[in-house]
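Please look over the structure shown below before reading on. The report that follows takes its elements in turn.

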Amino acid sequence: IGSVTEAGARVWVRTDATRRVALHLVDESRPSEAPVVAYAYPRPEDDFAATMEVTGLRPERSYRVFTEVDGLLSGTPGSFATPPVTGTPASFRIAFGSCARTDAQPIFGPIRAAAPDLFLFVGDNPYGNTDDLGSLWWFYRTALAIPERAALLAATPTLAIWDDHDYVGNNTDGSAPGRATALRAFGDYWPNPSAGLPTAPGVFFHASWADVDFFMLDDRYERGTEAAPGAEIIGDAQAAWLETALRDSTATFRVIASGSIFSQSGDETWLDYPASRSRLFDFIRDQGIPGVVLISGDIHRSHLRRIHRVAAGGYDLPEVVSSPLANVNSACPASGEPDAEVLACLDANRYFAVLDVDTTLADPRIVARILDETGVEQATLTIRRSELE
């Protein structure tokens with residue numbers, strides 16, 4: 001289950017050959033009816049993967065989906081619930097994480113048990129590390145075949161962006177010759193609502209859930225060389241798109257997701273691209289954009305942070321870093337290297353993050369939690385809307 005809105009959904013399937021796939025939809029309020037709502041004929045040039053569009057849905061309804069392949073029911077039934085009408089105050093749960101490399105990924109069991117309304121992959125979703133199309137497809141197929149992961153994705157709306165390891169390779173940037181191939185493979189396997197702009201390729205897009213907007217960034221396709229003066233991490237066209245979208249948003253919270261973290265130097269972060277970081281943070285301040293929350297991954301440890309911006313005339317920006325889902329850990333900075341922005345740093349387990357959003361309150365809030373691979377809470381940060389102005 002990919003992108004889900006109040007009125008529609010995108011459902012991804014893969015077959016073993018070009019066959020007719022019919023998608024049946026069951027509205028839980030009318031369980032005896034299972035009409036066909038979409039067809040697909042997966043093609044070999046797309047690795048026999050296809051995304052089907054479902055329209056005419058109603059907000060805050062539960063649905064089940066079944067696939068019929070060449071006239072026979074096949075595959076795992078899916079399920080999802082549509083969000084409230086866009087802009088409506090609501091209480092809901094988002095989960096996210098990054099860096100899922102190993103063959104065993106038990107963490108997706110506790111993620112499913114946490115019952116998120118939406119799950120976000122924020123990079124290094126499989127580790128392809130290649131520009132070969134067939135190999136990239138293989139890594140995506142292998143990741144989706146992991147039982148706990150497959151169960152979550154069949155029952156939870158899911159959105160995704162990439163970072164270096166599911167782009168072309170470790171620390172690769174916009175000069176990578178295989179970037180168009182990586183973009184093609186990504187599009188074959190992730191049923192996001194959109195990808196980039198007609199004049200600016202990439203995986204970035206905007207999505208909404210109730211009165212929270214998500215700005216999912218592409219930090220690789222136009223990433224400049226770190227050492228180059230004025231190098232940008234997302235490119236001018238994407239930066240302009242983001243600025244317009246942030247300014248036009250009326251959401252209570254505006255969540256900006258990036259594979260690379262926004263803070264802490266020396267870890268291939270936005271701090272290594274000061275021109276891009278200053279442009280974004282100064283725009284938020286100068287345009288009076290309220291309610292911004294940052295989420296990220298990549299660094300194989302999890303953080304709760306507040307990036308100091310009050311002295312610069314803005315408000316402190318909360319950042320929730322969730323990593324790794326299934327990979328080795330990297331150590332938190334030594335105690336002799338204090339970082340006043342860090343509220344919590346976790347480096348002894350596998351982790352995922354949960355954002356419990358409640359915009360029905362007089363002072364809307366997000367409670368950010370870092371949980372380990374058994375589902376036990378390790379750290380918490382409460383983010384109030386009144387703090388983000």
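Helices (H or I, at least four residues) and strands (E, at least two) are DSSP runs, numbered from the N terminus.

## Basis of the report

This is a predicted model, in which local features need pLDDT of at least 70 and side-chain atom pairs count only at pLDDT 80 or more, whereas totals for chains, interfaces and linings use all residues. Residues are numbered from 1 along each chain as its sequence is written, and side-chain values use heavy atoms, with hydrogens and water left out.

Two strands pair if DSSP finds at least two bridges between them. Strand 14 runs antiparallel to strand 16 (residues 342–346), to which four bridges join it, and Ser-302 has Leu-346 as its bridge partner there. With strand 15 (residues 317–321), strand 14 pairs in the antiparallel sense over five bridges, and Arg-305 stands opposite Glu-319.

## Loops beside these strands

Arg-309 is found in the loop between strand 14 and strand 15, and at 12% relative accessibility it counts as buried. Leaving aside residues up to four places away in sequence, Arg-309 touches Phe-281, Asp-282, Arg-285, Gly-314, Tyr-315, Asp-316 and Leu-317, where contact means heavy atoms within 4.5 Å.

Pro-324 has its place in the loop between strand 15 and strand 16, and a cis peptide bond with omega of about -5° joins Ser-323 to Pro-324.

## Helix 5 against helix 6

Helix 5 (residues 236–248) and helix 6 (residues 274–286) pack at an angle of about 15°, with their axes 11 Å apart. The two helices are therefore roughly parallel to each other; angles under 35 degrees count as roughly parallel, over 145 as roughly antiparallel, 65 to 115 as roughly perpendicular and the rest as oblique.

Residues in helix 5, including Ala-239, Leu-242 and Leu-246, meet Arg-279, Leu-280 and Phe-283 in helix 6.

## Positive phi at Asp-47

Asp-47 lies in the loop between strand 3 (36–40) and strand 4 (49–54), and has a positive phi of about 60° although it is not a glycine. Asp-47 is buried, with a relative accessible area of 6%.

How values were computed:
Axes fitted to C-alpha atoms, helices over the stretch in contact; angles between N-to-C directions. Buried < 20%, exposed > 50% of the residue type's maximum accessible area, 1.4 Å probe, protein only.
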